[in-house]
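This briefing covers a two-chain model.

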Amino acid sequence: MEKDKKQIRNERPPDETGDASLSDLFAERRAVLARIYRSLPPYGSVAFWELLERTQEKDQALPLEVLVRVLREEALARADKQAQHRICEIIVARLQTSNEQWVRQALANAHLLPGERHMFAADLYADLCEQLLRALLDDGQRFWEESFQQALRFARKHVYEGFMRREGRWQKLTPGRGYRVPRVLLESLERSEQRAGSPDEQDVPDERAEQALLAVEQSDIAALLFRLPERLRAVVWLIFWEDLSTKAVGKLLNISDRTVRNRLQTALARLRQVLENEQEVVIDGKGA
Amino acid sequence: MEKVREEEIMRITAQFVAEQEAGQRPRLEDYARRYPQYVDEITDFVTYYYAMEAGLPTDTASVPSLSAGSRAALELAWERIDTPFASSTLTLATLARRKHYSLARLASILNLSVDLVEQLARRQLDPATLPGELLQRLARALSQSLGVVRQALGLPEMPSTPFLAEERAAYHTQHQISFREAILASSQLSDAQRNYWQDVLERKRQ
């Protein structure tokens, strides 16, 4: 079992990354996890609970995927409510550092009134726990038994989007570390919008905006782009972050060169709108 | 089919994360080339990942005692999951309490004034005149299905379901007014909020 746990930890994607190898990779992972599951002490025994509840070395901890399987195939199947609560508590405890940090990060740049932050954090964390419990107790969601961390990322994404929309704060979030978004970006976006009315100049690339965007850290760009519609995001990311030409992006996304430029134009205009509320912060050069 | 697609996207993006964590600097370009059918979904995840997840700890080997915050969140989550709704106790106020929302907080989320939310909670508004957008906002705010929200407001669970006379009688009070009348009469609604909901009602009419 120790060897299997290390294998899960050390697993890295293969060099060949076509569909077939991806399936193989996950099939192999499922097989390793199944071996660990089968080697567990008898359900409910002292050794069983000791193994589940004991802090382990990084390479020796029971994979969370196996815990999910135990929850579903043992505790749920036996309608053992006490065990269900106990296993879910172990999972939440193991995720505690990560989840608490995620909650702080999600609210880090939100404009909140004094005293609101704690209340919002508690709400968001409860929403996340609810989503987590519902997923863990739903044995139709098999991916949690295959790649727990990735399933968790999608669950947190879902909770984050839902929470921000519900609170009406989706557009009010500041970009990450707002002071790093330089004034030149705002000015360039301003020019970009002014040019929008002029068909002759519509296709001219906004070099200053481009430079400004490149100066922003990847997480900041991602936080900004995350608020754009998906079809606009890919164009901006590929051009500003991966240095592709508009022609290459067009070919890649199977759209015309002109559509790429139009999407870029729209994206820049929308980013300017998002940043508009932050103008004072940016011009003052102070972080939020 | 949708589930298969979702799982496929999760596997593909898991690969992206694994490469990133291994220091291989994966490129969206490569993934767009390999999986053109999922380019929007992959981009959606990648931007979220870099914005929110990339720096988070993934070491989950230790089993610490639950912090007060984690304990409270977990208990509230169990409470939401474990307690089934009895239709007789299903009201807007009970749904708000389960989310630990005051009516003022709910009003702020819904872009309404407190007096209007109080009228809603007391079933003083004719539920048939409530705009769909308000019902959807309530469902999102209270993390409930539209059906549950409709029931809490005294509407049939499904819009197409005929409303039995005795059911309507149970919810109908003598002093119910329409949503439109309520927003015009409200003393607490801001001008911006009033205009917003009037626009919503106009769109509904058109």
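How many of the 15 residues of α3(B) are buried? The count is 13, so α3(B) is largely enclosed by the rest of the structure. This is a predicted model, with an ipTM of 0.76 and a pTM of 0.68.

**Chain composition**

- Chain A contains 15 helices and 0 strands.
- In chain A, 39% of the 288 residues are buried.
- Of the contacts in chain A between residues at least 6 apart in sequence, 67% link residues at least 24 apart.
- Chain B contains 12 helices and 0 strands, and its pattern along the sequence is α-α-α-α-α-α-α-α-α-α-α-α.
- In chain B, 31% of the 206 residues count as buried.
- Residues 24 or more positions apart make up 60% of the chain B contacts that have a separation of 6 or more.

- Helix α3 of chain B covers residues 39–53; its 15 residues reach 20 Å from first C-alpha to last, close to the expected 21 Å.
- Helix α1 of chain B covers residues 2–21; its 20 residues reach 28 Å from first C-alpha to last, close to the 28 Å expected at 1.5 Å a residue.
- The buried residues of α1(B) are B:Met10, B:Ile12, B:Thr13, B:Ala14, B:Gln15, B:Phe16 and B:Val17.
- Just after α1(B), B:Gly23 has a positive phi of about 75°.

**Interface between the chains**

- The contact between the chains involves 67 residues of chain A and 56 residues of chain B.
- On the side of chain A that touches chain B, at least two residues each come from α2 (19–38), α5 (81–94), α6 (96–108), α7 (116–136), α8 (148–166), α11 (218–225), α12 (230–241) and α13 (246–253) of chain A.
- α8(A) supplies the largest share of that side, 10 residues.
- By residue class, the side of chain A that touches chain B has 30 nonpolar, 17 polar and 20 charged residues.

**Nonpolar cores**

- The largest nonpolar core holds 87 residues, and those with the most contacts inside it are A:Leu67, A:Ile87, A:Ile91, A:Cys129, A:Val235, A:Val236 and A:Leu238.
- Apart from neighbours within four places in sequence, A:Leu67 is in contact with A:Leu52, A:Leu62, A:Ile87, A:Ile90 and A:Ile91.
- A second, separate core has 27 residues, including B:Ala96, B:Leu130, B:Leu138 and B:Leu155.

**Loop residues of chain B**

- Most residues other than glycine have a negative phi.
- B:Arg25 has a positive phi, near 45°, and is not a glycine.
- B:Arg25 sits in the loop between α1 and α2 of chain B, and is exposed because 7 other C-beta atoms lie within 10 Å, where 12 or fewer is the cut-off.
- B:Arg123, also not a glycine, has a positive phi of about 55°.
- B:Gln188 lies in the loop between α11 (179–185) and α12 (191–205) of chain B, and counts as partly exposed with 13 C-beta neighbours inside 10 Å.
- Beyond its neighbours within four places in sequence, B:Gln188 is in contact with B:Ser113, B:Val114 and B:Asp115.
- B:Gln188 and B:Leu112 are 76 residues apart along the chain, and their C-alpha atoms are separated by 8.8 Å.

**Confidence**

- Chain A has an average pLDDT of 77, and 68% of its residues score at least 70.
- Over residues 170–184 of chain A, pLDDT stays under 50, and the model has 47 contacts beyond four places in sequence for this stretch.
- Over residues 195–204 of chain A, pLDDT also stays under 50, and the model has 7 contacts beyond four places in sequence there.
- Where pLDDT is low, the predicted coordinates should not be read in detail.
- Chain B has an average pLDDT of 84, and 85% of its residues score at least 70.
- Within chain B, confidence is lowest in helix α10 (residues 165–171), at a mean of 50, and highest in helix α2 (residues 28–34), at 94.

Methods: Residues are numbered from 1 along each chain as its sequence is written. Chains are lettered from A and ligands numbered from 1 in the order in which they are written. This is a predicted model: local features need pLDDT of at least 70, side-chain atom pairs count only at pLDDT 80 or more; totals for chains, interfaces and linings use all residues. Helices (H or I, at least four residues) and strands (E, at least two) are DSSP runs, numbered from the N terminus. A residue is buried if 20 or more other C-beta atoms lie within 10 Å of its own, exposed if 12 or fewer, and partly exposed in between; C-beta atoms are placed from the backbone. Two residues are in contact if their C-beta atoms, placed from the backbone, lie within 7 Å. The expected span of a helix is 1.5 Å times one less than its number of residues. Ala, Val, Leu, Ile, Met, Phe, Trp, Tyr, Cys and Pro count as nonpolar, Asp, Glu, Lys and Arg as charged, and the others, Gly among them, as polar. A nonpolar core is a set of buried Ala, Val, Leu, Ile, Met, Phe, Trp, Tyr and Cys residues joined through C-beta atoms within 7 Å. pLDDT is the predictor's confidence in each residue, from 0 to 100.
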